[in-house]
Amino acid sequence: MADLKAMAQAVERGDRNAVVQATQQALDEGVAPGTILNDGLIAGMSSIGAKFRNNEVFIPEVLIAARAMAGAMDILEPKLVETGVQPRGKVVIGTVKQDLHDIGKNLVAMMLKGGGFRVTDLGVDVAPARFVEAAKNEQTQILALSALLTTTMPNMKEVIQAVRAGGLDGVKIIIGGAPVTQAFADEIGADGYAPDAGSAVDLAMDMVGAA
Ligand code: B1M
């Protein structure tokens, strides 16, 4: 019989084969796709996210867990769509203009997916106008900006100004990246700041009222 606790543990271990197999078995046994997502896959990612925040595990473990979950999502996603399960929220993410660093941003994107968000990743060196366009097209609730250079941090403010000028007042803007701080977020009028990928998920949940 499908064991969602074991599935969550397999996600944490990053055992892709076990996670994919358990997901298929649960589907075959008629477990609801939303239950598999929440009680199996997201439970596993949440647990590893908490351990990452507490420095009990490190980036490689999180990446391997995210890869295991992604394998299961390949088979689960069409079923979620069929059964009309809604994502927790939509996030558009990218690294700001003139900044090519994407390792942390990718980690945040993976953790957000692991947290049940639908994520559109615009990549690196993203101009403010592209963020605005994507936020409109995707009808996103959250825009997540990453910057790794002190010289590109000011470009986050440009995005915020462009988004507000574009009339997207309902879109929450959250920011992060090694040189970014809560004080900087306050200064430029961001809606939130997260120091790491796990906290970014908690913050995003907060923003959509799912915490
Ligand atoms: Co660059 N680089 N780099 N670099 N690089 C740094 C950032 C630097 C600190 C190195 C140093 O001098 N000690 C320095 C910045 C100095 C500064 O501005 N104060 C620097 C520099 C100067 C440069 C160049 C200018 C070097 C040059 O060409 N002279 C150049 C700039 C290129 C450009 O962007 N235009 C450059 C280039 C590169 C590479 C291309 C070689 C490569 C990037 C490869 C890639 O990303 N695909 C690179 C790398 C790898 C680094 C270091 C070594 C590692 C960054 C990293 O990936 N960390 C970095 C030094 C360091 O940090 N030790 C450095 C791991 C990653 C998981 O952490 O990105 O912080 P991080 O993400 C964390 C959190 O910050 C947070 O969550 C993540 C996970 O917990 N987070 C968010 C990140 N984004 C978030 C968004 C959110 C929330 C949380 O949204 C809400």
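Author: What follows sets values against definitions, one term at a time. This is a predicted model, where local features need pLDDT of at least 70, side-chain atom pairs count only at pLDDT 80 or more, and totals for chains, interfaces and linings use all residues. Residues are numbered from 1 along each chain as its sequence is written, and side-chain values use heavy atoms, with hydrogens and water left out.

Reader: What makes H101 a donor of the cobalt atom?

Author: Donors are N, O and S atoms within 2.8 Å of the metal (3.2 Å for Na, K and Ca). NE2 of H101 lies 2.2 Å from the cobalt atom of the ligand, so it qualifies. H101 is the only protein donor. Water is not among the atoms, so sites may look incomplete.

Reader: Where is H101 found?

Author: H101 sits in the loop between β1 (90-95) and α5 (103-114). Helices (H or I, at least four residues) and strands (E, at least two) are DSSP runs, numbered from the N terminus.

Reader: How many residues surround the ligand, and which are the closest?

Author: The count is 25, and the closest are L100, H101, D102, S146 and T150. A residue is near a molecule or strand if one of its heavy atoms lies within 4 Å of it. The largest share of the shell, 4 residues, comes from α5. By type, the shell divides into 15 nonpolar, 7 polar and 3 charged residues. Here Ala, Val, Leu, Ile, Met, Phe, Trp, Tyr, Cys and Pro count as nonpolar, Asp, Glu, Lys and Arg as charged, and the others, Gly among them, as polar.

Reader: What makes β3 and β4 a pair?

Author: Two strands pair if DSSP finds at least two bridges between them. β3 and β4 have 5 bridges, in the parallel sense, so they pair.

Reader: What is the strand order of the open sheet?

Author: The 5 strands run β2-β1-β3-β4-β5, with parallel pairing. β2 (118-121) and β5 (192-193) are called edge strands because each pairs on one side only.

Reader: Why is T140 called buried?

Author: Buried means under 20% relative accessible area, exposed over 50%, partly exposed in between (1.4 Å probe, protein chains only). T140 has 6% relative accessibility, so it counts as buried. T140 lies in the loop between α6 and β3. A polar atom of the T140 side chain is 3.4 Å from the backbone nitrogen of V92.

Reader: How do you know that the buried residues of α6 share a side?

Author: In α6 (residues 128-138), P128, F131, V132, A134 and A135 are buried. They cover an arc of only 165 degrees around the axis, which puts them on the same side of α6. The arc is that of the directions from the helix axis to the C-beta atoms. The face turned away from that side carries the exposed residues A129 and N137.

Notes:
Polar contact = N/O pair within 3.5 Å; in protein donor to acceptor, adjacent residues only side chain to side chain.
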